[in-house]
Amino acid sequence: RYPPSKTKQNKKKIMSSNKRKEVDIMKLMMSSFEVSIPDETQRHDFYVKFPGPAETPYHGGVWKVHVLLPNEYPYKSPSIGFMNRIFHPNIDERSGSVCLDVINQTWSPMFDLVNIFESFLPQLLRYPNPADPLNGEAAALHMDNLEKYNSRIRDHVAKYASSDIHLAEDGDRKISSETITTVATDRHSDPDNDAKQDSNGVNAEGDDDVDDGASDVSNMSDL
């Protein structure tokens with residue numbers, strides 16, 4: 001008996017990945033988060049309404065977050081971008097993309113989309129990593145003057161994240177995998193670039209089969 005061909009193995013992995021995507025999207029839509037999928041033929045590309053976590057300067061703000069699932073999901077992480085502006089060391093204020101290295105350090109196929117919005121993003125906002133910034137000004141303020149840092153966050157919330165968020169809008173800026181790859185490469189090749197870059201997906205190893213669901217991850221404080 002011959003072993004399965006590489007083509008059959010790849011096909012099995014793609015089918016398993018697609019099934020996992022659908023399961024995770026449905027779990028997210030059944031959660032407390034509002035989700036909008038502008039094009040049902042492109043279900044890997046959607047938006048989520050994300051409230052700022054309690055007991056942080058982001059509390060009271062609401063952000064429209066763009067999510068793009070790569071073909072290799074969940075072995076590669078989603079690309080995540082804030083559509084309205086946010087002041088944070090690991091989020092590019094111009095593009096809204098989340099720091100590549102932050103995602104690299106935390107993502108695994110055990111995560112699902114609900115984990116991202118219930119745990120990953122709230123922990124990222126609570127515990128930034130100013131040592132690897134995409135926003136140099138925010139990183140410097142966080143290290144030098146925490147009171148001014150929190151004040152700048154509240155100013156941004158009042159100016160950019162206090163009005164009602166409409167998920168389904170034309171003309172939205174979107175994350176593209178091509179742009180992500182190009183900008184991430186440029187960021188690491190140019191030490192003088194002050195981190196105005198996009199985020200990239202994460203290469204996470206896994207087996208050919210993907211579980212239908214993902215385990216909840218309760219401890220994410222090591223961002």
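This is a predicted model: local features need pLDDT of at least 70, side-chain atom pairs count only at pLDDT 80 or more; totals for chains, interfaces and linings use all residues.
Residues are numbered from 1 along each chain as its sequence is written. Local features need pLDDT of at least 70 and side-chain atom pairs count only at pLDDT 80 or more, while totals for chains, interfaces and linings use all residues, and side-chain values use heavy atoms, with hydrogens and water left out.

Let's start inside. The largest cavity holds about 60 Å³, a volume being the space filled by probe spheres set on the points, which are joined across faces, edges and corners. Its lining (residues with an atom within 4 Å of a point) is made up of Ser77, Pro78, Ile80, Ile103, Thr106, Trp107, Phe111, Ile116 and Phe120. Two elements, α2 (100-106) and α3 (113-126), each give two or more residues to this lining; helices (H or I, at least four residues) and strands (E, at least two) are DSSP runs, numbered from the N terminus. Seven of the lining residues are nonpolar (Ala, Val, Leu, Ile, Met, Phe, Trp, Tyr, Cys or Pro), two are polar and none is charged.

Now for the backbone. Most residues other than glycine have a negative phi, and most peptide bonds are trans. Tyr73 and Pro74, though, are joined by a cis peptide bond, with omega about 5 degrees. Pro74 sits in the loop between β3 (62-68) and β4 (79-82). Glu55, a non-glycine residue, has a positive phi near 60 degrees, and belongs to the loop between β2 (45-51) and β3. Glu55 counts as exposed because its relative accessibility is 83%, the cut-off for exposed being over 50% (1.4 Å probe, protein chains only).

How values were computed: On a 1 Å grid over the protein atoms alone, a cavity is a set of points where a 1.4 Å probe fits but cannot get out, and a pocket is an open set with protein on both sides within 12 Å along at least five of seven lines; lining residues have an atom within 4 Å of a point. Buried means under 20% relative accessible area, exposed over 50%, partly exposed in between (1.4 Å probe, protein chains only).
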